[in-house]
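Here's a quick tour for anyone meeting this protein for the first time. Have a look at the picture, then read on.

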Amino acid sequence: MLAAYYEQFRGPIQLATLPDPTPGAGAVVIRVHATGICRSDWHGWQGHDSDVHLPHVPGHELAGTIEVVGAGVRKWRRGDRVTVPFCVGCGDCPQCHQGQQQICDHYFQPGFTAWGSFAEYVAIDHADHNLVRLPYEMDFTTAAVLGCRFITAWRGVTAQGRVRGAEWVAVYGCGGVGLSAIMIAAAFGAQVIAIDIDESKLALALELGAAAGINARLSDDVVGMVREISKGGAHLSVDALGSHETCRNSILSLRKQGRHVQLGLLSGSEANPPLPMGAVIANELEIIGSHGMQAHQFPGMLDMIVSGKIQPQRMLGKVVSLEQGIQELMDLNSFKGTGVTVIGF
């Protein structure tokens with residue numbers, strides 16, 4: 001198979017012809033039709049993720065058709081159209097038995113714990129517990145846009161953040177996760193304030209449902225602006241970027257008993273940010289983590305997409321080839337471009 005492949009962290013990523021994967025017991029091999037390019041892949045290439053072992057093939061936001069079915073798989077057949085959460089549960093640990101596969105004790109992550117979807121084929125373990133059947137109305141590119149960013153935002157905003165209609169929601173960072181969070185919160189009736197440093201991304205945020213946008217590069221008091229627009233602070237605030245500054249500002253943007261959800265990864269020098277715990281205690285704030293979404297939670301989200309109530313395809317920035325996708329991945333930390341970039345096969 002043709003794949004994007006690297007042998008050292010921060011080193012060159014190259015197109016390579018590698019052996020096709022074979023499925024173990026309970027696994028399938030998927031022919032990849034589309035895969036998103038995500039900042040998490042960049043973190044893996046940088047060596048920020050301890051799950052990545054060299055040499056490596058990145059990629060985890062995939063959609064395609066089942067090519068080979070391994071021994072013991074009961075629910076799936078060759079040709080089935082599928083996607084998969086980026087964090088796959090084993091099906092046997094206490095978390096999986098409680099329906100919390102996204103925090104499985106023995107998780108499997110394509111593109112991290114194993115070779116991923118920047119390739120013509122990818123093997124997925126624990127298929128019966130984790131694959132998601134795609135509606136026939138949904139094309140593979142849209143399914144790849146869901147990837148980790150949209151599903152992370154979906155669960156972060158709806159389940160962890162418990163968004164409600166008419167609430168004020170602040171979203172820090174208008175990349176793929178942030179734009180997803182904005183669209184989802186708006187679809188549930190919330191009034192969303194988008195914060196970014198790029199006017200084109202803020203413009204897209206407004207198109208996707210944000211009620212207001214703040215250019216943090218042009219403001220000396222982003223928190224004050226959020227509190228002013230929301231008349232006292234956000235009920236829910238989301239750090240969709242992952243930095244000391246955005247995490248702190250998100251927490252300080254909350255009104256009393258507000259909820260902060262951390263979606264953006266805090267890695268490298270941005271790990272372990274100092275938090276304003278005085279405000280957390282005095283205002284009884286909640287700080288909530290969120291990590292992906294379980295396969296069994298997909299149907300409600302997919303129903304809203306098929307009905308047109310949410311339209312993740314509007315976040316698609318461009319579709320590129322695998323070769324072009326290598327450069328796109330290496331450039332991710334420059335925050336170029338607007339929307340989600342997808343590799344099409």
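Which residues have the most contacts inside the largest nonpolar core? Keep in mind that this is a predicted model. The residues in question are Phe 150 and Met 301, and the core they belong to has 55 residues. Helix α4 (140-160) gives the largest share of this core, 11 residues. Others that each supply at least two residues include β8, α5 (176-187), β9 (191-196) and β15 (340-344).

Zoom in on Phe 150: leaving aside neighbours within four places in sequence, its contacts include Val 145, Met 183, Ile 184, Met 301 and Pro 312. Apart from this core lies another one, of 24 residues, with Trp 45, Phe 112, Tyr 121 and Val 320 among them. In general, nonpolar side chains in soluble globular proteins tend to be buried together.

Now for the sheet. Six strands make an open, parallel sheet, running in the order β10-β9-β8-β11-β12-β13. On average, neighbouring strands here are turned by 20° against each other, direction ignored. Two strands sit at the edges, each pairing on one side only:

| Edge strand | Residues |
|---|---|
| β10 | residues 212-215 |
| β13 | residues 286-289 |

Further in, β11 (residues 234-239) and β12 (residues 254-262) pair in the parallel sense over 5 bridges. Asp 239 stands opposite Gln 262 of β12.

Finally, there's helix α8 (residues 244-252), whose buried residues are Thr 246, Cys 247, Asn 249, Ser 250 and Ile 251. Those buried residues pack against several elements, including the strands β8, β11, β12 and β13. The helices α7 (222-229) and α9 (277-282) are also among their packing partners.

Methods. Residues are numbered from 1 along each chain as its sequence is written. This is a predicted model: local features need pLDDT of at least 70, side-chain atom pairs count only at pLDDT 80 or more; totals for chains, interfaces and linings use all residues. Side-chain values use heavy atoms; hydrogens and water are left out. Two strands pair if DSSP finds at least two bridges between them. Helices (H or I, at least four residues) and strands (E, at least two) are DSSP runs, numbered from the N terminus. Axes are lines fitted to C-alpha atoms, for helices over the stretch in contact, and angles run from 0 to 180 degrees between N-to-C directions. Buried means under 20% relative accessible area, exposed over 50%, partly exposed in between (1.4 Å probe, protein chains only). Contact means heavy atoms within 4.5 Å. A nonpolar core is a set of buried Ala, Val, Leu, Ile, Met, Phe, Trp, Tyr and Cys residues joined through side-chain atoms within 4.5 Å.
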